[in-house]
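The sequence and the model come first.

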Amino acid sequence: MNQYVCIHGHFYQPPRENAWLEAIELQSSAYPYHDWNEQVTAQCYLPNAISRIMDSENRIIEIVNNYSKISFDFGPTLLSWLETQAPDVYHAILTADKESQKNFSGHGSALAHAYNHLIMPLANHQDRYTQVVWGIRDFERRFERQPEGMWLPETAADLDTLDIMAGLGIKYTILAPRQAACIREIGKDNWQDVSENTIDTTIPYEINLPSGRKLSIFFYNGAIAAAVAFQGLLKNGEELANRLIRSLPENAEHLQLAHIATDGESYGHHHRFGDMALAYAVHHIEKNNLAQITNYGEFLEKQPPIYEVQILENTSWSCSHGVERWRSDCGCSDHYHPGWNQTWRAPLRETLDWLRDDITPQFEDKARKLFKDPWQARDDYIAVILDRSPKSVAQFLEKHAAHKLGREETVTALKLMELQRHAMLMYTSCGWFFDDLARIESVQIIHYAGRVAQLAQELFGNATEDEFLERLAIARSNITEYGDGSQIYRRFVKPTFIDLKKVAAHFAVNSFFEQYPDTARLYCYEVRVKDFEAQKCGGNSINFGRIKVTSLITTESMDMDFAALLREDNTVAAGISSPQTLKVYEKMVGEISTACSMDDSPWIELFLKTHFRDSIYTISSLFRDTQHNILENVMDSTLMEMKRLYDPGLQSYSSVTPLVDEITSPLPETFRPLVQLVLNLDLRHELKVERPDMKAIRKILDDARLWHIDLNDEQHGIIFSRTMEKAMKTFVSRPEDTALIDRLTEMVGLTRFLPFPTDLQRAQSMYYLLLRTIYKDFTDRKFEGDPSAADWVNKFVILGERLSVKVD
């Protein structure tokens, strides 16, 4: 067979981490999920790891890991997030690459990816080089092999970038067909123009680079890729398969490859059930022997290039104007807001270019005193990013430091590296891709630029931020409320700035709501408690003590004293100061204790104001997620108290509701919010407990229907899905427990009557695993006459029916 098919998915999310916390904070626009990474993982990255193939009766006949059957790349910053936040998905991706090596002649399906998705032709040479180096090193650490191919962000290409890739061992990349300029048969003289999107996409090409190196390029089928991404082709997996097969010429003299490349998020996030269409397309091709499924590495080995190609430099797959989408108002946007302009793009890029170029000579001057070669050190700093342990940092400094560094020099050296890391993060492409400067993607890169400005001022002692804001003010939002870039910076970025004092303030304020160990981890900081006391003062509480806060990124540390007051109305005031002498500290402790023994709250208030002066922090100083959690806990307790007060009234009302319903009288509007509150609270409680009370849940649903109360909150569905996952994990660990099967069967059966969607994917996947492993053992025992095994099999089959899994 000389017909092959390869489907490539480019899976990527921009880095969204708070630059000071190294974690993604709550993003309300992603509700009911915590953040956009979590949402897209639930809708795309997880489903593709456990994708379902259905029969004609909509029963699952197979669950497959799509990643093992396709070609794919994942952005390194996304993989870093998945590793800690969705480890099952992360390991499924790594496993798929190992499985693909078995399927495709030793060639893994994963491609490396330029580190943080900046537009390579618009970067300077040094940044291009580091992006490729970091992308390769990140790939090697995760996939435990050298990458053959590398994905270019937005497929934006120029000869310098391709040359860097080839020089670092990359064999091939993937481009859009409109990025090809001309081709000729290798060894021949005459060039053929293919710049009008006419290149034959079924074969690989070779490009000769300025250095004399060579690189292979695959140009994907643009028409089918567009149909997948934008024209609804994923509504039918069989049609996707047939479309790919029809694109291959018959009776070709050499091997032919039908292949497409799209955003991986097409398969589930952009198009619901797109993962299932992908799984079925591959299944249909293999089952009917229509072509051989392959990946780029294997096909390149079987069919080396016979044509040479020249590319159109500074072009991409998502901008018809080359790479203008990331530096000018070219007309490309998401088009959701007709009449808006993107004139902000140019001054945003110009401002970031100025910031980068302004810090570079200062960086070089200061870094030469600490590093043998500052730029080589930056290239190797990926080792520290991948492993922040003290041992890893020590190895990095031992390799690159110009001399043995003292404590302050070590902090400075690491700050210099972080300066450079954020100076690249601020170029992440999504900052320019969409339609307005005030979108979260643009604010995020300004956020990273703010970290650069802060570090520059700490390291070089200049007023970088002032000029940065003057330049940023030229970029204007389409939304009058947000004004210009400098206003957006002051409104959304500046309040998120964090230093060691603010970390201490967070610890002090939150010490009333969370019990900390002697050494506590707060995001990327460590807080060591040297002394801590908690006392009551009337109806108020006061915590005070001494702590040491250390950044786990730069190793910078600071000792501080604190005192915090929790008032009866749940407001908090906390004071932070540099450490006093032991004598002064002990005097402070004695005075506070005396005031508490006398219930002298006014003295405590006055003490905070006079002792700490301007260093007073409130609950608003807490990190965003902690603020949300505290508010949620306070509101939950308040709502439960309200529920306790209203319950008797609701019980009285429930006795007459059948009559009210019978005479078609609606629930009084004054009563409706109370009923809705109580029913939602009761339902949420029942859905999240380890053993939900099915009768209680049904009663809540019946009451809601009777009183015409809407319980359709997606958060309920997420909570119940997680409850089922926990129960299913317990079943996997104790598969002989038939009581667990009964409970799961009842829980899954309930989902059919819930007024909100629930996600059964993980539960179905775990069931399928048991079906393919221990089910045969129980059926064998059943036919040998074991009554307990027969009971287990019967119950297991019923659970499979509820989960829509076909059991033979």
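A nonpolar core is a set of buried Ala, Val, Leu, Ile, Met, Phe, Trp, Tyr and Cys residues joined through side-chain atoms within 4.5 Å. Buried means under 20% relative accessible area, exposed over 50%, and partly exposed in between, with a 1.4 Å probe and protein chains only. The model is predicted, local features need pLDDT of at least 70, side-chain atom pairs count only at pLDDT 80 or more, and totals for chains, interfaces and linings use all residues. Residues are numbered from 1 along each chain as its sequence is written, and side-chain values use heavy atoms, with hydrogens and water left out.

Q: Which residues of the largest nonpolar core touch the most other members?
A: In soluble globular proteins, nonpolar side chains tend to be buried together. The largest nonpolar core here has 243 residues. The members that touch the most others are Y45, F74, L82 and F731.

Q: Which residues does L82 touch, not counting residues up to four places away in sequence?
A: Contact means heavy atoms within 4.5 Å. L82 is among the core residues that touch the most other members. With residues up to four places away in sequence not counted, L82 touches T41, Y45, F74, P87, V89, Y90 and I93.

Q: How many residues does the second, separate core have?
A: This core includes I542, F544, A563 and L565. It is separate, and its residues number 16.

Q: What is the volume of the largest cavity?
A: On a 1 Å grid over the protein atoms alone, a cavity is a set of points where a 1.4 Å probe fits but cannot get out, while a pocket is an open set with protein on both sides within 12 Å along at least five of seven lines; lining residues have an atom within 4 Å of a point. Grid points are joined across faces, edges and corners, and a volume is the space filled by probe spheres set on the points. The structure holds 3 cavities of 30 Å³ or more. The largest cavity has a volume of about 50 Å³.

Q: Which residues lining the largest cavity are closest to its centre?
A: Strand 4 (71–74), helix 2 (76–85), strand 5 (110–113) and helix 4 (125–143) each give two or more residues to the lining. Of the 13 lining residues, the closest to the centre are F74, L79, L111, F139 and F143.

Q: Which element supplies the largest share of the lining of the second largest pocket?
A: The second largest pocket has a volume of about 1,400 Å³. Its lining has 42 residues, and F230, D263, H270, F433 and F434 lie nearest its centre. Helix 1 (36–49), helix 6 (222–230), strand 12 (256–263), helix 15 (430–433) and helix 16 (440–460) each supply at least two. The largest share, 6 residues, comes from helix 6.

Q: Where is the cis peptide bond from Y31 to P32, and what is its omega?
A: Most residues other than glycine have a negative phi, and most peptide bonds are trans. P32 lies in the loop between strand 1 (3–11) and helix 1. The bond from Y31 to P32 is cis, with omega near 10°.

Q: What is the phi of T555?
A: T555 sits in the loop between strand 17 (540–551) and strand 18 (557–566). Its relative accessible area is 24%, so T555 is partly exposed. Although T555 is not a glycine, its phi is positive, about 70°.

Q: How far is the nearest cysteine sulfur from that of C596?
A: A disulfide is a pair of cysteine sulfur atoms within 2.5 Å, and a search of the whole structure finds 0. C596 is in no disulfide, and at 4% relative accessibility C596 counts as buried. The nearest cysteine sulfur, that of C537, is away by 4.4 Å.

Key:
Helix = DSSP H or I, 4+ residues; strand = E, 2+ residues; numbered from the N terminus.
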